[in-house]
Amino acid sequence: MGLIKIDKGIPMPPKTHARTGGFERRYRWAEMEIGDSFEFLPEIVVKSARSIASKRASSDGRKYRVHRDEETGVIRCWRIE
């Protein structure tokens, strides 16, 4: 195997992860009541969605459940407590 090539001059895309507050603004966690749910954006994968919900649960003391519908591929998050 050869060494990985280093590229120069390629601009970095803007941050879009949870630490920028993007998920806080996009997904209205604070407004959710028990039983409420939302669909994650299509580019979010299940593992990331679960991680996002887990971090949010740690910060607000609530509980969430993330599930991917096998037929449609839609990833949804419910507030359960």
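**Group meeting: the sheet and Arg 79**

Let me begin with strand β1, which is joined by three bridges to β3, residues 75–79, the two running antiparallel; helices (H or I, at least four residues) and strands (E, at least two) are DSSP runs numbered from the N terminus, and two strands pair if DSSP finds at least two bridges between them. This is a predicted model, in which local features need pLDDT of at least 70 and side-chain atom pairs count only at pLDDT 80 or more, while totals for chains, interfaces and linings use all residues. Residues are numbered from 1 along each chain as its sequence is written, and side-chain values use heavy atoms, with hydrogens and water left out.

The open sheet has three strands in the order β1-β3-β2, with antiparallel pairing. Because β1 (37–39) and β2 (64–68) each have a single partner strand, they stand at the edges, and one side of each is left without a neighbour in the sheet.

Now to Arg 79, which lies in strand β3. Arg 79 is buried yet has no salt bridge, the nearest side chain of opposite charge being Asp 60 at 6.8 Å; buried means under 20% relative accessible area, with exposed over 50% and partly exposed in between (1.4 Å probe, protein chains only), Lys and Arg count as positive and Asp and Glu as negative, with His and the chain ends not counted, and a salt bridge needs a side-chain nitrogen of Lys or Arg within 4 Å of a carboxyl oxygen of Asp or Glu. What the side chain of Arg 79 does reach is the backbone oxygen of Glu 81, at 2.9 Å.

Definitions and conventions: A polar contact is a pair of N or O atoms within 3.5 Å; within protein, one must be able to donate a hydrogen and the other to accept it, and residues adjacent in sequence count only if both atoms are side-chain atoms.
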